[in-house]
Structures are given as C-alpha cells and as structure tokens.
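This briefing is meant to be read beside the sequence and the three-dimensional view. Please keep both at hand while working through the points below.

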Amino acid sequence: MSADVNRGTAVRPGASGWRELWLKEDWWAIWIGLGIVLVAYILFVNGDSLKWIAVTPAKWSSFDQLAAHFSANILRYAVQLGLWIAIFTAATTILGHKPGAFIPSFILLYVISLIIFSVGQWDQANKYNLEPPLVALLVGMLISNLIGLPRWLDAGFRVEFYVKVGIVLLGATLPFTQIVWAGPIAILQASIVSIATFLVIFWTGRLLGLDKRLCATLGAGGAVCGVSAAIAIAGAVGAKKEDAPIAITTVILWAIVMIFVLPLVARALGLPTGVAGAWIGTSEFADAAGLAAAQSYGNLAGHVEGIAGTSDQAVFSFTLMKVVGRDVWIGIWAFVLAIIATTRWDAIETGQKPDAAQIWWRFPKFVIGFVIASAFITWATTQYSLADYNKTVVPVLVGPVKDLRTWAFIFCFLSIGLTTRFRELAHAGRKPFLAFSTGVVVNVVLGFILSAFVFASHWTNLTR
Amino acid sequence: MGWLFTRQASEGTEAGHCGICRHFRNDPAYLEAVLKGLTSFSSAYASVRGNDGLCTRHDRYLGPGFYCADYSPAEGS
C-alpha cells in the first residue's frame with residue numbers, strides 16, 4: 001500500500017509536513033547543491049579550492065594528449081566518482097532506492113558521461129557538432145532503444161534529480177542582481193506565452209471532443225513545465241488514469257524534437273546566445289530538455305561565426321525564463337484548475353475541496369536553492385572588483401562549482417536518453433497529439449517574437 | 001453541472017479521504033512503474049507531484065484530498 005501518504009486525518013491530506021525535507025528530490029537537490037557551494041566557499045576563504053576534485057577532461061587534439069591527461073589525473077577522477085556516489089547514494093537510499101542497484105548504475109552513468117565529456121573536449125568537436133548534451137542524449141537513446149539495459153539499472157538514471165542539483169549549482173554562478181534585473185521580464189514573457197499556449201491546447205482539444213481534464217493536463221504540459229506540470233494538473237483535477245501517460249508521451253516526443261530543432265533554427269538565424277536561451281526557455285517543455293538545448297547552443301559561442309554572446313548567457317537566460325518565469329507558478333495553475341474542475345466541470349465519481357496550500361506543496365522547492373546559492377555567492381564576493389573577481393574568485397570558487405554543475409547536467413542529459421524507451425510509451429492518440437501540436441506552434445512563434453524582437457535587447461545584455 | 005458534482009461528492013466524507021483509502025496508491029516507485037515515461041523528464045519524487053496517486057477503484061489519478069462514497073480505510077489509517 002502507499003508508502004508516503006499521511007496516515008490519519010490530523011495532517012492536511014496533501015501535505016507531507018517536515019517529512020518532505022527528506023522524502024522529495026527537490027529538497028535533496030538543495031542540500032547537495034548548497035552543501036557543495038558552502039564547502040567551496042569555506043575552502044576559498046581558507047586559501048584552498050574544490051578545484052582538485054572538480055576535475056574535467058581538458059581540451060585535446062590527439063589521443064596521446066587525452067591519455068596523458070587521464071594518466072595524470074586518474075586519482076582525481078576516482079575521488080570525484082567516490083564523492084558523487086557517496087552523496088547521491090545517501091540521498092537516493094533515503095528516498096527509497098536500493099543502493100545495490102543505484103551504485104553500479106551510477107558507475108556506468110559516470111563512465112559513459114566521462115567518455116562523452118572527453119569527446120566534447122576534442123578540438124574538432126564543434127566542426128562535427130559533437131556537443132556533449134546532444135551526444136549524451138543520442139548515445140543514451142541508442143543504448144536504451146537498440147541495445148536495451150536491465151530495468152534495475154534505471155535506479156541511477158535520475159534525470160530530475162541531476163538537473164535540480166545542477167540548477168542549484170548554477171545559482172552560485174549567476175549574480176543575484178541578474179535574477180532581480182531579469183526575473184520580472186522573464187515572468188512577464190513566460191506568463192504571456194504560458195497562458196496563450198494553455199488556452200490554445202485546451203480549446204483545440206475541446207473542439208476535437210477531448211475530455212476537459214485531459215485537455216487541462218495536456219495544456220499544462222505544454223504551457224508550464226512539461227511532464228511535471230502534466231502530472232501535477234492531472235492530480236489536481238482528478239484526471240483519468242490514462243490521461244497523464246497520454247500527456248507524458250506527447251510532451252516527451254515534442255521535447256526531444258525541440259532539443260534539436262530550437263538550437264538548429266537559432267543557429268540558422270544567428271541569434272545571440274542570450275536571446276536563444278530565452279526563446280528555448282519559453283518554448284521548450286521540460287527543464288532537462290531545455291538545458292540540453294540551451295547548453296548546446298551556448299557552446300557554439302566563440303566557435304561559430306555570427307553567434308554573439310557567451311555560453312553562460314544561453315544557460316542563464318534559459319534558466320531565468322524556464323525556472324523563474326514558468327516552473328514556480330505550477331502550484332497556482334493547479335489550485336486554479338482544481339477550483340474550476342470542482343465548480344464548473346462535469347462531476348466525476350470523486351470530489352475534493354481545493355486547498356490553497358497546494359500552491360506551496362507543489363512549489364518546485366529546488367528553485368529556493370537556486371536563489372539562495374546565487375544570493376550567497378553574490379554576497380560573499382561583493383568586496384571584489386570585477387577584475388579581482390575574474391582573477392581570484394572565478395578560478396578558485398566559481399569555476400569548480402561550474403565544473404561540478406557541468407557534470408550534473410551531463411548525468412542528466414545521458415539519463416534522459418537512457419530512460420526514454422519509445423516502444424514503452426503510452427499510445428497518445430491522434431487528437432491529443434494534434435491539440436498539443438497546435439499549442440507548440442503558438443508557443444514557438446510567440447516565444448520567438450518576444451525573445452528576438454520585443455525583449456531582444458534585454459536578453460542580449462544579460463550578465464554584461 | 002456543478003450541482004451534480006456537489007451532490008455526488010457529498011456522498012463521500014472528507015474525513016475518509018483518498019490519502020487514507022485502501023484503493024489509493026501513491027508510492028513513488030509504483031507510480032514511476034505505472035506511468036510510463038514519467039522518469040524521462042520528471043520524477044514521482046518531485047515536489048510538484050505532492051502526494052497524488054492512483055485510485056484503483058475508479059482508475060483516476062488524483063490528490064489525496066479527494067473523497068468519494070467508495071472510501072474504504074487502509075490498514076493502519
């Protein structure tokens with residue numbers, strides 16, 4: 001029977017209370033992310049650094065160079081792997097996974113990630129479009145769909161967990177002033193696109209004769225935060241058992257298409273990285289998918305002629321748009337739709353009293369870690385001039401955190417591929433797919449207009 | 001149709017909500033096994049799910065605060 005429901009009636013039905021602090025991945029992402037940032041800071045003020053353990057493959061042009069790098073740094077990689085295993089195993093074991101399944105699975109994930117990371121550091125990688133996020137995704141999908149892995153290995157392929165840890169670490173590399181400066185525009189832009197997308201999907205679905213609860217589940221999947229939004233809204237409105245899998249299939253298919261299409265179109269149009277990141281943040285459907293697309297495009301800066309901006313700008317504008325602009329509102333969407341479902345839609349077998357507290361229960365808590373990490377590092381480094389910051393703080397404090405963030409994202413991108421088994425997805429059906437696709441068109445076009453024209457100067461100048 | 005909803009819903013009791021009903025399953029591992037594709041871009045361990053789960057009686061995916069006339073207390077509730 002259910003393991004994480006609240007027994008008894010003293011606690012409100014939807015709440016986990018304090019148990020959420022150790023029973024939800026969001027909180028573990030905060031503990032791990034902020035823990036790393038705090039250790040990095042303590043080492044920094046004591047004249048030391050996380051640099052040794054935050055090792056990454058170096059740029060190389062021959063296999064001899066690559067071999068020499070690994071030969072010289074094998075101990076650092078071994079200790080880093082040990083660190084990841086220790087912290088992730090502790091977290092996932094408390095969440096309920098078996099360490100005996102998680103550890104071998106994570107070792108496999110780390111080894112493949114290391115190979116992909118190394119390929120991305122080849123000096124000819126850009127020439128052949130070997131962007132690590134895309135390579136990780138493709139390699140993962142090839143393995144899971146053509147070769148196949150034992151099901152128990154899924155224990156280590158935790159897409160959401162790794163992306164949340166990465167986003168908290170990302171906060172430490174983004175000045176808090178940028179969140180304050182760009183946040184309101186991100187919220188405005190994302191709100192316009194989210195509401196338009198939801199309404200288009202919902203009403204197209206209704207015109208096609210789909211059930212209101214399925215339309216709402218699909219609409220939220222397209223408008224807010226993909227699969228996570230779809231299941232949140234399905235739960236809030238009491239959708240049919242098959243509605244959530246239909247939405248999941250539709251979101252996955254479009255999210256994977258967009259990982260490749262959005263950077264490709266942005267490249268063809270020569271969009272600055274900040275603008276492309278904002279567009280991807282508005283028009284992608286899942287955090288992990290969008291980060292893969294944004295990071296791929298950002299990596300082109302400085303390597304492909306005509307693409308202005310920095311790699312970080314793409315990732316920062318994406319994160320602000322997707323996380324601050326869209327994700328944090330899921331609880332409000334759920335509450336409002338629960339009220340509408342209760343008061344306006346056809347009755348179902350079960351009833352509910354919509355509870356405003358779900359705005360907090362469903363809040364993606366990892367965002368708190370992202371904001372705290374940003375505020376903390378900004379506060380801790382205020383006394384440095386820009387020159388000193390770049391010379392002293394970046395290589396010793398921010399750089400290693402950024403390198404660990406890159407690792408977390410590669411684990412995430414590879415896990416997407418390894419967990420996406422197309423033949424196992426539910427059959428979505430023509431009508432739900434059509435309704436969702438109509439919303440995709442509106443979402444992509446509107447997102448492009450707002451990112452590349454209306455707020456273009458805003459996103460181009462992010463972090464400058 | 002709101003009146004109909006209210007009438008039907010009132011046949012259940014809020015005290016006997018889904019969260020403590022034997023027909024309700026919201027174990028994250030179970031949900032990840034049942035909702036195919038969920039782990040590709042999300043997780044049953046995420047905050048956004050709250051404590052939602054599946055009603056095996058009515059084949060609905062819903063929150064633990066729902067209630068209906070078929071409520072049957074789970075063991076230990």
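In helix α3 (residues 63-95) of chain A, Trp84(A) and Phe88(A) are four residues apart, so about one helical turn separates them. The model is a predicted one.

**Aromatic pairs**

- Over all chains, the count of aromatic pairs comes to 33.
- One of these pairs is formed by Trp84(A) and Phe88(A), and it is stacked.
- A pair of aromatic rings is described by two quantities, the distance of the centres and the angle of the planes.
- For Trp84(A) and Phe88(A), the distance is 5.2 Å centre to centre, and the planes stand at 10° to each other.

**Salt bridges**

- The whole structure contains 14 salt bridges over all chains.
- One of them joins Asp26(A) to Lys164(A), with 2.8 Å between the closest N and O atoms.
- Asp26(A) belongs to helix α2 (residues 25-45) of chain A and Lys164(A) to helix α6 (residues 159-171) of chain A, so this pair ties together parts that lie 138 residues apart in sequence.
- Across the interface of chain A and chain B there are two salt bridges.
- Arg158(A) and Glu32(B) meet through their side chains in a salt bridge, at 2.8 Å from N to O.

**The interface of chain A and chain B**

- In polar contact between chain A and chain B are 17 residue pairs, counted where both residues have pLDDT 80 or more.
- On the side of chain A that touches chain B, helix α9 (residues 226-237) of chain A gives the most, with eight residues.
- Sorted by class, that side of chain A has 34 nonpolar, 17 polar and 18 charged residues.
- The contact involves 69 residues of chain A and 52 residues of chain B.
- The size of an interface is often given as the accessible area lost when the parts come together.
- Between them, chain A and chain B bury about 5200 Å², with 58% of this area on carbon and sulfur atoms.

- Strand β1 (residues 239-240) of chain A pairs with strand β3 (residues 60-62) of chain B over two bridges.
- Within β3(B), Tyr61(B) is the bridge partner of Ala239(A), while Arg60(B) stands opposite Lys240(A).

Notes
Residues are numbered from 1 along each chain as its sequence is written. Chains are lettered from A and ligands numbered from 1 in the order in which they are written. This is a predicted model: local features need pLDDT of at least 70, side-chain atom pairs count only at pLDDT 80 or more; totals for chains, interfaces and linings use all residues. Side-chain values use heavy atoms; hydrogens and water are left out. Contact means heavy atoms within 4.5 Å. Buried area is the accessible area (1.4 Å probe) that two parts lose on being put together, summed over both. A salt bridge is a side-chain nitrogen of Lys or Arg within 4 Å of a carboxyl oxygen of Asp or Glu. A polar contact is a pair of N or O atoms within 3.5 Å; within protein, one must be able to donate a hydrogen and the other to accept it, and residues adjacent in sequence count only if both atoms are side-chain atoms. Ala, Val, Leu, Ile, Met, Phe, Trp, Tyr, Cys and Pro count as nonpolar, Asp, Glu, Lys and Arg as charged, and the others, Gly among them, as polar. Two strands pair if DSSP finds at least two bridges between them. Rings of Phe, Tyr and Trp (its six-membered ring) pair if their centres lie within 6.5 Å; planes under 30 degrees apart count as stacked, over 60 as edge-to-face and the rest as tilted.
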